[in-house]
Amino acid sequence: MWLLINLSKKYTTTLTYSVEFLALPQDKILQETPVQKINVEVMGSGFNLFAANFSRKKLPLDLSKLKKKSKTDFYLLTADQKAKIQEKISSLEIVNIVEDSIYFKLGTLATKKVPVIPKLNLAYKLGYGTEKVTIEPDSISISGPELQLKKIKSITTKNLNLEDVSENITTKLAIEMSEEVSNIRVSHESVEVSVLIDEFTEGNFDIPIRIINIPKEIGLNTFPKKVKVTYKVGLKNYQKITEDLFHVVCDYNKTKENELTYLIPELKKEPELTSSVRISPQKIDFLIQK
């Protein structure tokens with residue numbers, strides 16, 4: 001009896017409700033996810049308040065009544081929504097809506113093209129490696145809120161993990177829908193990735209060193225005058241690699257600025273067909289002649 005008497009009395013409390021957004025203007029799109037819940041101070045009987053605590057009702061918010069603050073910033077006055085909200089929770093009386101305004105970032109639907117980057121984790125058999133990777137299509141169109149599109153420079157595929165690779169690969173890889181692109185629509189759900197595999201061999205050349213940024217008043221003698229450039233290349237392309245495709249440079253300014261007693265050889269040009277290029281030695285002794 002005591003419980004029934006108390007539950008029949010009226011109380012005031014604050015309840016948290018999820019919201020749903022209705023009537024977004026057709027020429028607009030949400031750039032960012034707005035608040036998903038609001039707090040409403042209500043009055044009602046203990047019975048109704050008790051039931052409301054277990055209710056999963058969503059309160060409707062009419063976005064046709066948005067007010068403009070700037071080009072992309074809008075806001076909604078919750079006082080203008082009170083009647084609609086009251087209809088939804090008719091068993092309780094609204095005393096106050098705690099959040100007097102809800103803010104939105106809106107924009108128009110934008111589209112742009114971005115490159116696709118495949119995620120390839122390939123472990124090769126000894127002596128094998130990738131000669132060439134092709135993607136079809138190599139770029140796709142994405143569309144969504146302007147602010148989100150500006151952040152996206154490329155889009156990736158799901159991982160391809162393979163071991164003991166020694167033969168060519170052709171497969172379809174799904175576009176990875178990460179959190180960054182969760183609200184973005186893509187023109188393709190997958191792309192075809194082809195990986196040309198070749199047996200690799202090692203080659204080397206003795207390349208002359210070119211010294212740059214030497215003051216006019218001095219001359220330099222280097223020891224040695226050439227460096228060994230060692231590289232990996234596919235057997236099919238081995239004959240295409242020639243000495244003149246490599247350029248090695250030592251910058252005297254870098255030696256002087258860093259107060260070094262030696263020059264550092266840097267590879268300024270190399271063939272696209274080569275990989276794992278290394279220079280030996282990595283320090284070049286020199287004498288200054290004034």
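How many nonpolar, polar and charged residues are in the lining of the largest cavity? I looked this up and got three nonpolar, one polar and three charged. I counted Ala, Val, Leu, Ile, Met, Phe, Trp, Tyr, Cys and Pro as nonpolar, Asp, Glu, Lys and Arg as charged, and the others, Gly among them, as polar.

**Ground rules.** I worked on a predicted model, where local features need pLDDT of at least 70, side-chain atom pairs count only at pLDDT 80 or more, and totals for chains, interfaces and linings use all residues. I number residues from 1 along each chain as its sequence is written, and side-chain values use heavy atoms, with hydrogens and water left out.

**Cavity.** I took a cavity as a set of points on a 1 Å grid over the protein atoms alone where a 1.4 Å probe fits but cannot get out; lining residues have an atom within 4 Å of a point. Volume is the space filled by probe spheres set on the points, which are joined across faces, edges and corners. I found one cavity of 30 Å³ or more. The largest cavity has a volume of about 40 Å³. Its lining is D251, K254, T255, L260, L263, I264 and E266.

**Salt bridges.** I searched for a side-chain nitrogen of Lys or Arg within 4 Å of a carboxyl oxygen of Asp or Glu. The whole structure gave five salt bridges. One of them joins K254 and E266 at 3.0 Å, N to O. K254 lies in helix α5 and E266 in strand β19, so this pair ties together parts 12 residues apart in sequence. I took helices (H or I, at least four residues) and strands (E, at least two) as DSSP runs, numbered from the N terminus. E202 is in strand β15 and R278 in strand β20, so the pair ties together parts 76 residues apart.

**Aromatic pairs.** I paired rings of Phe, Tyr and Trp (its six-membered ring) with centres within 6.5 Å; planes under 30 degrees apart are stacked, over 60 edge-to-face and the rest tilted. I got six aromatic pairs. Y75 and Y103 are tilted, 6.2 Å centre to centre with 45° between the planes. Y75 sits in strand β6 and Y103 in strand β8, so the pair ties together parts 28 residues apart.

Is Y103 buried or exposed? Y103 is exposed, at 51% relative accessible area. My cut-offs were under 20% for buried, over 50% for exposed and partly exposed in between (1.4 Å probe, protein chains only). Y75 is partly exposed at 23%.

Definitions and conventions
1 Å grid on protein atoms, 1.4 Å probe; cavity = no way out; pocket = protein on both sides within 12 Å on 5 of 7 lines; lining within 4 Å.
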